[in-house]
Amino acid sequence: MASLKTAAFELKTHCQRYDGRVVIVTGAAQGLGRVIARRVAEEGASVLLADVQEARVQRTAEILAKETGARMIGVGGDLSELGVADAVVKRALDEFGRVDTLVNNAAALIRMRLMEFTEELMQKAVDWNVWNTLRACRAVLPPMIKQNYGRIVNIGGEAWRVGVPYHTLLAGVGKGSMVGLTATLAGEVAQQGITVNCVSPGALESEADGDPEPNRNVGLGRDPSWTPKAVLDDLNALGASRAIALGRLAHPTEVAAAVAFFGSPEASYVTGQHLGVSGGLAMI
Ligand SMILES: NC(=O)c1ccc[n+]([C@@H]2O[C@H](COP(=O)([O-])OP(=O)(O)OC[C@H]3O[C@@H](n4cnc5c(N)ncnc54)[C@H](O)[C@@H]3O)[C@@H](O)[C@H]2O)c1
């Protein structure tokens, strides 16, 4: 395996903002979602990890439960399909009795020119980058409204803001709409004790997720044909020439720290906001 380029965030958290709280993290079998699940568990949360990779998400939940001592369950299913997000929320309520925080992290990293998408893949890219989030939000709102408390944190991305090529579906449609959804849904549920915010990574070393056997090229998000080698080479060259002010990729723990704030009770007066955690790739 190639060696990792980034180092885990050095400062261990002393926060315990999630004692007694229940968090659902989507796309948590691997990558950033796995690291977010671990971070909120370290702060005291019980966590439901949801992912279309059923076996892998269950394995991740077992490993993280052992590592953190937290209560964790892994639930399989494609969140873009009708009923799956509702079943995930029901499972969290059955197991843990409430849902305080939803982190919409699941996405399918399909990067190619718009002209090169087949009709079928274009539709799937919208399903896996827009519909999964919409369905998860709808499913989680009823219990959050009932308890008059909730935190929704959407994982965006900066590629749409800085015009990175090959990202029309993933970022232009997927992440651009995520920011709009964040603001409008925040306005809709503000009076019901629910906040909605968005955290956008720039370039992220998501393989540095702490898994003893990181998953590089399998799973819904990592079909190698969705980011052809020529595209990857071009993106790497662009990354080298483009201005990431901090001059390196993010380690997932650096993004998870921002997510943990927005998802916690502490972020009580912040809603409808978008925070880039992108090393200065986009400055405002
Ligand atoms: N990797 C980066 O450089 C980068 C940059 C900016 C933003 N992001 C965003 O960060 C988030 C995590 O990215 P990552 O690099 O860890 O990706 P990843 O591909 O490693 O993980 C995404 C996970 O989501 C799951 N998933 C995808 N669609 C799903 C669905 N419909 N239902 C259930 N599970 C589903 C996949 O199986 C996978 O486990 C994504 O929202 C991504 O767009 C990543």
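Just after helix α3, glycine 97 takes a positive phi of about 90°. The model is predicted, so local features need pLDDT of at least 70 and side-chain atom pairs count only at pLDDT 80 or more, while totals for chains, interfaces and linings use all residues. Residues are numbered from 1 along each chain as its sequence is written, and side-chain values use heavy atoms, with hydrogens and water left out.

Helix α3 covers residues 84–96. Helices are DSSP runs of H or I with at least four residues, strands are runs of E with at least two, and both are numbered from the N terminus. At 1.5 Å a residue, taken times one less than the number of residues, the 13 residues of α3 should span 18 Å, which agrees with the 18 Å between its end C-alpha atoms.

Val84, Ala85, Val88, Val89, Ala92 and Phe96 of α3 are buried (under 20% relative accessible area with a 1.4 Å probe, protein chains only). Seen down the helix axis, these buried residues fall within an arc of 140°, so they line one face of α3; the arc is that of the directions from the axis to the C-beta atoms. The face turned away carries Lys90 and Asp94, which are exposed (over 50%). The buried residues pack against β1 (22–26), β2 (46–51), β3 (72–76) and α4 (119–147), where contact means heavy atoms within 4.5 Å.

Helix α4 also meets α6 (residues 168–189): their axes come within 10 Å and cross at roughly 20°. The two helices are therefore roughly parallel (angles under 35 degrees). Among the α4 residues in this contact are Met122, Val126 and Leu141, and the α6 residues include Leu169, Gly174 and Val189.

Note on methods: Axes fitted to C-alpha atoms, helices over the stretch in contact; angles between N-to-C directions. Parallel < 35°, antiparallel > 145°, perpendicular 65-115°, else oblique.
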